[in-house]
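Here's a quick briefing to read with the model open beside you. Have a look at the chains first, then work through the points.

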Amino acid sequence: MTRRQMYERHQRRKSITIATVSTAVAILCLYVFVPMTPGWDKVQKSFFNWEVLQKTFPKLLDAFVVNIMIFAWSAPAIAVLGLLIALARNAKSPAMFPLRILGAAFTDVFRGVPVVLTVYLIGFGIPGLGLPRPWNSPYLWGSVALILTYSAYVAEIFRSGIDSVHHSQRAAALSLGLSERQVMRDVILPQAVRNVVPSQMNMLIALQKDVSLLSFIGPVEIFRQAGVFKSLLANFTPYVGAAIIFLVITIPATRYADYLMARQMRERR
Amino acid sequence: MKPKLQLKNITKYFGETAVCNGIDLDVHDGQTVCLIGASGGGKSTLLRCINLLEPIEDGEILLDGDDISVPGIDPQSVRARIGMVFQSYNLFPHMTALDNAMLAPKRVWGKSNKDIQAEVEHLFETFGLADRMRQYPDQLSGGQQQRVAIVRALAMQPEVMLFDEITSALDPQLVGEVLDVLLTLKSQGMTMVLATHEMGFARQAADKVCFLQGGKILEEGPPEAIFEHAQEPATQAFLARALK
């Protein structure tokens with residue numbers, strides 16, 4: 001073993017030891033000090049009640065299917081609408097001027113209003129027009145609210161992706177005789193979309209969580225279902241159960257997005 | 001004989017600065033014209049103007065006698081007739097070399113893969129790239145990428161080729177393989193305009209050398225005249241530095 005390797009092995013062992021000890025101390029502190037707080041007994045009973053969790057968990061999972069459904073039809077709509085808005089805002093021809101203004105106004109408005117407010121206004125406002133079934137469904141208008149809000153963000157990310165493609169790519173494509181439209185479709189967009197995949201992954205994760213906001217206008221998704229159980233059993237544990245279900249989905253997804261992001265950074269260098 | 005490409009009084013401003021300040025140039029069919037001069041002299045901008053990537057303020061560009069610089073002309077039809085290769089290759093990174101070269105014939109002419117593939121593959125073979133066709137740009141060396149960029153331009157069967165310092169970004173040992181491609185093109189009778197810092201190449205291959213400074217052609221002539229008997233002090237000074 002060389003001097004260098006011996007030194008590195010020593011350093012490695014030292015840092016593993018330090019990390020282990022400090023983690024143990026942190027856990028010990030939590031274990032010792034949290035139960036010493038005056039309200040711990042009550043909190044333990046009302047938030048971490050194993051029986052309540054067992055009883056409500058299957059129903060929470062059922063309700064989560066509603067989240068997944070809303071997510072599943074909203075996400076593709078957001079991708080399409082977001083891309084269209086990004087393209088509209090990038091359009092150069094004078095005939096597209098109204099679209100460009102509209103696109104800018106759209107992103108300003110829907111990024112400027114809290115999601116929950118948009119959900120309220122659209123979710124209560126439009127069915128209030130007295131539309132016949134199924135056009136008064138809160139599932140429909142709640143989804144529409146999410147789609148509008150998220151499209152605004154997603155459009156801005158697509159736009160930054162389009163800007164991130166070097167202008168020399170455009171010059172090269174134009175010099176071959178391609179039209180502006182062909183340049184965008186065949187050369188710029190494929191690169192732009194690939195550049196923003198990690199950022200869009202993060203939007204998907206955020207959307208997945210924000211589906212719960214629809215509970216305010218009616219749909220019995222997981223957050224609403226947990227609320228029903230809370231009232232029924234006078235216990236907060238169902239909320240913890242709901243949080244666990246979310247985490248099972250979002251932690252791997254977040255890790256994956258981080259991995260994509262890191263890989264892209266490596267490729268850029 | 002009518003020139004293949006004729007530039008008359010080309011004037012181009014970036015803001016207040018005249019990048020091209022009244023450039024006249026005749027390029028005859030099959031000629032190789034080299035534009036030399038320090039960076040910022042207007043060489044690259046002139047090439048970009050010819051390909052209508054930059055609009056000109058004043059002057060005329062005639063291709064086969066047709067004015068292609070008329071404001072409002074459809075630039076696509078012009079660019080399809082003029083090939084251009086850039087310093088930084090600018091291959092499309094998300095396509096294989098072959099797809100890079102087939103994109104424009106497919107889109108501009110509306111041909112199918114089947115119609116053009118054999119012809120484009122033949123181009124790759126001609127320039128020693130047959131075994132690189134299926135690779136992506138980032139799997140190729142700089143010299144290979146630049147040769148693919150040339151093939152991509154040739155796939156549109158251009159009447160004139162413009163080369164904008166195409167060896168400037170290459171490692172010295174890769175310059176030769178790209179210059180060889182230019183010599184092949186010259187022997188095939190391609191009309192070419194090059195902005196270049198490769199004085200050896202200009203001397204060997206050019207039919208005409210133009211020295212540009214301050215947006216003007218200060219001196220032009222056959223390579224011997226420029227390299228051996230430059231008249232202008234500025235040309236002499238530039239060559240003294242460039243050939244040192």
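This is a predicted model: local features need pLDDT of at least 70, side-chain atom pairs count only at pLDDT 80 or more; totals for chains, interfaces and linings use all residues.

Residues are numbered from 1 along each chain as its sequence is written, while chains are lettered from A and ligands numbered from 1 in the order in which they are written.

**Helix α1 of chain A**
- Helix α1 (residues 3–33) of chain A has 31 residues; helices here are DSSP runs (H or I, at least four residues), numbered from the N terminus.
- From first C-alpha to last, α1(A) reaches 45 Å, close to the 45 Å expected at 1.5 Å a residue (1.5 Å times one less than the number of residues).
- The number of buried residues in α1(A) is zero, so it lies largely in the open (buried means 20 or more other C-beta atoms within 10 Å of a residue's own, with C-beta atoms placed from the backbone).

**The α3–α10 pair in chain A**
- The axes of α3 (residues 50–90) and α10 (residues 222–233) of chain A come within 8 Å and cross at roughly 150 degrees (axes are lines fitted to C-alpha atoms over the stretch in contact, with angles from 0 to 180 degrees between N-to-C directions).
- α3(A) and α10(A) are therefore roughly antiparallel (over 145 degrees).

**Where chains A and B meet**
- Chain B puts 17 residues into the contact and chain A 16 residues (contact means C-beta atoms, placed from the backbone, within 7 Å).
- On chain B's side, α2 (75–79) and α3 (97–109) each give two or more residues.
- α3(B) gives the most, with four residues.

Definitions and conventions. Two residues are in contact if their C-beta atoms, placed from the backbone, lie within 7 Å. Angles under 35 degrees count as roughly parallel, over 145 as roughly antiparallel, 65 to 115 as roughly perpendicular and the rest as oblique. A residue is buried if 20 or more other C-beta atoms lie within 10 Å of its own, exposed if 12 or fewer, and partly exposed in between; C-beta atoms are placed from the backbone.
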